[in-house]
Amino acid sequence: ASEFGESCGLSHARWVCAELEQAKAGWRNLDKFEWLQAHGDLINDIRAALDWCFGTDQRKLCFEIAAASHILSTQLGLMDEQLKIVERAVALMETTADVDPLIETQLRSTLGLVLFHVRGVRADEQAIREFEKAAEIAETTGDHVEIVRAHSGRCAIITTQGKYAEAAEIALGLESKFGKLAHGASSRILAMNTHFLGQHEKTNHLCTIAVEASLGPIGRTLTSGAGYDQKTVALMLMAKTAWIQGFSQRAISLAEEAVAEDLNLDDAISICLAIYVSAFPVYFGLGEFQAARHHHTLLRELSTKHSIFRSQLWADAFELLFPESNATTRQFETAFVGDTNGARLETVIALAGERSGPYLVDWALAGNAGWCRPELLRIKGDLARHNDPAAARDLYSRAISGAIAQKSPLWQLRAANSNAEWLLDDEHSTSKRLIEDALKAFPETPPRIELQTAERLLAS
């Protein structure tokens with residue numbers, strides 16, 4: 001009976017490996033609904049096969065299944081479960097001789113991915129090490145897909161750390177070295193980082209190409225180191241850029257499309273990404289607080305349910321923004337203890353304004369924040385206006401110039417409003433002209449809050 005059981009366990013584990021290979025092949029060619037319908041039920045067989053493998057000496061099979069199963073676990077949102085499996089497999093692998101380098105590469109990249117999502121900021125350095133090891137091993141075997149995947153995962157982390165130029169440089173290097181194979185990953189990385197650098201025209205160009213590509217054959221890549229959906233990244237960045245550039249209705253429409261697309265696919269990681277990068281900032285920034293609260297609740301629920309700790313940190317910080325939180329400057333500062341001056345810090349300050357306090361504003365300005373630098377300068381001016389009006393005037397001027405340079409009428413109008421609101425000078429007509437110039441820069445009716453402020457100041 002024992003021999004028969006061993007034989008059955010071995011046959012089942014081999015069958016699971018074969019099924020995972022089919023799932024991997026189908027990922028590039030099937031609609032996600034079709035793909036999940038065909039392969040979603042395999043998760044229970046994966047669990048059973050891994051239980052059996054961990055209890056025997058079938059280490060090779062164990063590593064193969066653990067490495068390949070990430071594609072299904074990620075789509076099902078089973079991040080915490082996947083982390084436990086991969087950590088156990090990697091620990092076993094490190095006491096095993098002659099491990100297949102391809103399998104080790106896949107396992108380390110998968111460990112980097114789940115550490116990034118599940119443990120968040122505190123595991124960044126460990127996750128980077130895993131991606132770097134994966135890339136190093138893949139280089140020795142010449143596996144281009146795994147090389148790109150590992151570098152893509154590393155870029156996802158350094159992007160969150162505000163190292164936008166470095167991430168963009170890595171993406172360009174991948175495109176140059178691997179061409180079409182790396183195009184999906186490199187364009188995704190470039191779109192994200194050109195956005196945060198404030199290069200809005202480049203971002204829109206890259207995102208338009210990505211959306212158009214998604215209208216054709218499925219053609220998904222296996223090179224996303226963080227598990228993000230390509231179309232989601234494009235739509236959410238186009239939404240946020242539209243908001244900054246004064247296309248309010250387009251921003252709302254694109255943000256809704258990004259979230260709806262991922263809700264339809266039940267892709268928790270991408271839903272959370274779409275909410276914290278675009279939907280929440282767009283709605284909150286436009287004063288649509290009920291819609292912002294709805295998306296915040298969804299972000300909280302999904303990040304908790306699927307153990308996506310990195311997304312939970314965004315939800316925690318966004319909670320402070322609502323008036324009912326009565327959050328103090330100290331609470332905003334506490335929310336970023338141990339963090340880096342990257343996208344989360346920049347976004348929250350841009351939405352919180354003066355409440356975030358001078359320490360956080362200076363910290364963000366010390367980084368590479370391009371997309372919101374004019375707004376950060378304006379907020380710094382608001383904080384300085386009482387004690388140093390001359391410094392405030394200079395900051396408002398720099399904010400307006402920066403906003404004009406990056407074609408961001410939203411930031412331009414906010415800075416012009418602050419300049420007229422807080423600085424009493426002999427050149428009142430100049431302050432009004434700055435507001436009028438900002439209003440003319442809008443391609444459509446400006447957002448309600450900024451417009452009402454401008455009209456009041458022009459009438460004074």
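How much space lies in the second largest cavity? The second largest cavity holds about 50 Å³.

## Model and confidence

This is a predicted model, in which local features need pLDDT of at least 70 and side-chain atom pairs count only at pLDDT 80 or more, while totals for chains, interfaces and linings use all residues. Residues are numbered from 1 along each chain as its sequence is written, and side-chain values use heavy atoms, with hydrogens and water left out.

The mean pLDDT (the predictor's confidence in each residue, from 0 to 100) is 90 for the protein, and 95% of its residues reach 70 or more. Over residues 216-223 pLDDT stays under 50. For that stretch the model has 26 contacts (heavy atoms within 4.5 Å) beyond four places in sequence. Where pLDDT is low, the predicted coordinates should not be read in detail.

## Cavities

The structure holds three cavities of 30 Å³ or more. A cavity is a set of points, on a 1 Å grid over the protein atoms alone, where a 1.4 Å probe fits but cannot get out; lining residues have an atom within 4 Å of a point. Grid points are joined across faces, edges and corners, and a volume is the space filled by probe spheres set on the points.

The second largest cavity is lined by Ser-187, Arg-188, Ala-191, Leu-206, Cys-207, Ala-210, Gln-230, Val-233 and Ala-234. At least two lining residues come from each of α11 (180-196), α12 (200-214) and α13 (230-244). Helices here are DSSP runs (H or I, at least four residues), numbered from the N terminus. By class, the lining has six nonpolar, two polar and one charged residue. Ala, Val, Leu, Ile, Met, Phe, Trp, Tyr, Cys and Pro count as nonpolar, Asp, Glu, Lys and Arg as charged, and the others, Gly among them, as polar.

## The second largest pocket

A pocket is an open set of grid points with protein on both sides within 12 Å along at least five of seven lines. The second largest pocket has a volume of about 600 Å³. It is lined by 23 residues, of which Leu-351, Arg-378, Arg-414, Ile-449 and Glu-450 are the closest to its centre. Two or more lining residues come from each of α15, α19, α21, α23 (409-422) and α25 (448-459). Helix α23 gives the most, with five residues. The lining divides into nine nonpolar, five polar and nine charged residues.

Gly-285 is found in helix α15 (residues 268-285). With a relative accessibility of 8%, Gly-285 counts as buried, that is, under 20% relative accessible area; exposed means over 50%, and partly exposed lies in between (1.4 Å probe, protein chains only). Leaving out residues up to four places away in sequence, Gly-285 touches Trp-243, Phe-280, Leu-351, Arg-414 and Glu-450. Between Gly-285 and Ile-244 the C-alpha to C-alpha distance is 9.5 Å, at a separation of 41 residues in sequence.

## Salt bridges

The whole structure has 27 salt bridges, each a side-chain nitrogen of Lys or Arg within 4 Å of a carboxyl oxygen of Asp or Glu. Arg-149 and Glu-146 form one of them, at 3.5 Å from N to O. Both residues lie in helix α9 (residues 144-160), three residues apart, about one turn of the helix. Arg-149 is buried, at 2% relative accessible area, and Glu-146 is buried as well, at 5%.

Glu-354 pairs with Arg-385, with the closest N and O atoms 3.1 Å apart. Glu-354 is in the loop between α19 (343-352) and α20 (357-365) and Arg-385 in the loop between α21 (373-384) and α22 (389-405), so the pair ties together parts 31 residues apart in sequence. Glu-354 is partly exposed at 33% relative accessibility, whereas Arg-385 is buried at 11%. In the salt bridge between Asp-362 and Lys-380, the closest N and O atoms are 2.6 Å apart. This pair links helix α20, which holds Asp-362, to helix α21, which holds Lys-380, across 18 residues. Shared partners join Glu-375, Arg-378, Asp-382, Arg-414 and Glu-450 into one network of salt bridges.

## Positive phi angles

Ser-307, although not a glycine, has a positive phi of about 60°. Ser-307 lies in the loop between α16 (289-305) and α17 (309-319) and is partly exposed at 21% relative accessibility. Asn-326 also has a positive phi, near 50°. Asn-326 is in the loop between α17 and α18 (329-334), and is exposed at 62% relative accessibility.
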